Amino acid sequence: MHVRTSLTTLSATAVLLASAATATATAATQPLSAPHITNHFQLAASQQPENITVDHTGAAYLTFSFARQIVRVTPGSRPHVLATLPAPAKANTPNLGKAFVGGIARADDGTLYVTYATGTADLTGVWVVRPGGRPHRFAALPADGLPNGLALDQHTNKLYVTDSVHGVIYRLPACGGKATVWAKGTQLEPTTFAGANGLKLHNGSLWATNLDRGTVLRIPVTAKGTAGKIQVRATGMPSIDDFAFTGHGNTLLAARDDNQVDLVRPDGTHTTVLTPADGLQTPTSIAVHGSKVYVPSAAYMTGKDPNLLIARLGR
């Protein structure tokens, strides 16, 4: 999530580009190949995808950040709106000014969890949408914060949430309840705009990014469930947003709001594997499903053609 300049006026030309644009696969670097845009979204309707999760069929579930929507998308189809979160009487979201739907996680039974920031005490927090049900908030978070990334541990039935303004990670029961600060520290804090951002549970640790600091962080989950020491695993990636692991190892793909996707190796080195030449328009998150990599672009910085790109992953 990086929307410092996203609140500027977006021209009608952007809408035309969103419907007419096509991507030419010219820049993809191994292990990615054959990138192509499968879905173009409507900028005029605020269809700007912030975060993604994918089910076993390959269908994608996205948050449209400023439309306040949760949608289901199959490649090439129009988004099907599953829920629209209620608008605040007067949004006062830190750094953004408008209501913002951020991270998304999906349980095996189809339950969807999302973070919602409005700057108001009645709506800010974690929301849940059960299959066939209506969205409702089941955990409040501080209204002066910016809940963003979200990860679900189905083995312990816990949810983890980053707060990009307060620079902490919360934990709460996935059945609902009070959120408590699970991890905090300088490495999670912002320097100018947003700190802790993307979030994933992987190989017994919680991994996070810090947008301002351009870092990838690993936090071991101890046997007691507490946070271990925060480890900086990669640096030098300005505007890093969310990410996904490529397999069982610690290699990951990271979306960067400066319009690229990086491959980050376990030793912390990183290489650009997707660029605007592949169709990126402020990529915000990544999902890996088998041999496919899903990359939503929100067009926060470019102001044109929010989309969903899919590439082939060769491990």
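Let me start with one residue. Lys200 is partly exposed, at a relative accessible area of 21%. The scale is this: buried is under 20% relative accessible area, exposed is over 50%, partly exposed is in between, with a 1.4 Å probe and protein chains only.

Ground rules, quickly. This is a predicted model, where local features need pLDDT of at least 70 and side-chain atom pairs count only at pLDDT 80 or more, while totals for chains, interfaces and linings use all residues. Residues are numbered from 1 along each chain as its sequence is written, and side-chain values use heavy atoms, with hydrogens and water left out.

Now the sheet. Four strands make an open sheet, ordered E14-E15-E16-E17, with antiparallel pairing. E14 (196-202) and E17 (231-234) are the edge strands; each has a single partner strand, so one side of each lacks a neighbour in the sheet. Neighbouring strands are turned by 30° against each other on average, direction ignored. Strands here are DSSP runs of E, at least two residues, numbered from the N terminus. Two of them pair if DSSP finds at least two bridges between them. Axes are lines fitted to C-alpha atoms, and angles between N-to-C directions run from 0 to 180 degrees.

How many bridges join E14 to E15? Five, and E15 spans residues 205-210.

Next, charges. I count a salt bridge when a side-chain nitrogen of Lys or Arg is within 4 Å of a carboxyl oxygen of Asp or Glu. The structure has three. Back to Lys200: its side chain meets that of Asp242 in a salt bridge, 3.1 Å from N to O. Asp242 sits in strand E18 (residues 240-245) and Lys200 in E14, so the pair ties together parts 42 residues apart in sequence. Asp242 is buried, at 3%.

Lys200 has another contact. Its charge lies over the face of Phe243, 5.3 Å from the ring centre. The test is NZ of Lys or CZ of Arg within 6 Å of the ring centre and within 35 degrees of the ring normal. Lys98 passes too: its charged end sits over the ring of Phe66, 4.8 Å from the centre.

Arg256 to Asp258 is 2.7 Å between the closest N and O atoms. Arg256 to Asp262 is 2.9 Å. Arg256 is buried at 7%. Asp262 is buried as well. Asp258 is partly exposed at 33%.

Last topic, the rings. Rings of Phe, Tyr and Trp (its six-membered ring) pair if their centres lie within 6.5 Å; planes under 30 degrees apart are stacked, over 60 edge-to-face, the rest tilted. That rule gives eight aromatic pairs. Tyr160 and Trp182 are edge-to-face, with 5.2 Å between centres and 75° between planes. This pair links distant parts of the chain, Tyr160 in E11 (residues 158-163) and Trp182 in E13 (residues 180-184), 22 residues apart. Tyr160 is buried at 2%, and Trp182 is buried at 10%.

Trp207 and Phe245 have centres 5.1 Å apart and planes at 80°, so this pair is edge-to-face. Here E15 holds Trp207 and E18 holds Phe245, 38 residues apart. Both are buried.

And one cluster: Phe66, Phe100 and Tyr300 form a single aromatic group. Phe66 there is the ring under the charged end of Lys98.
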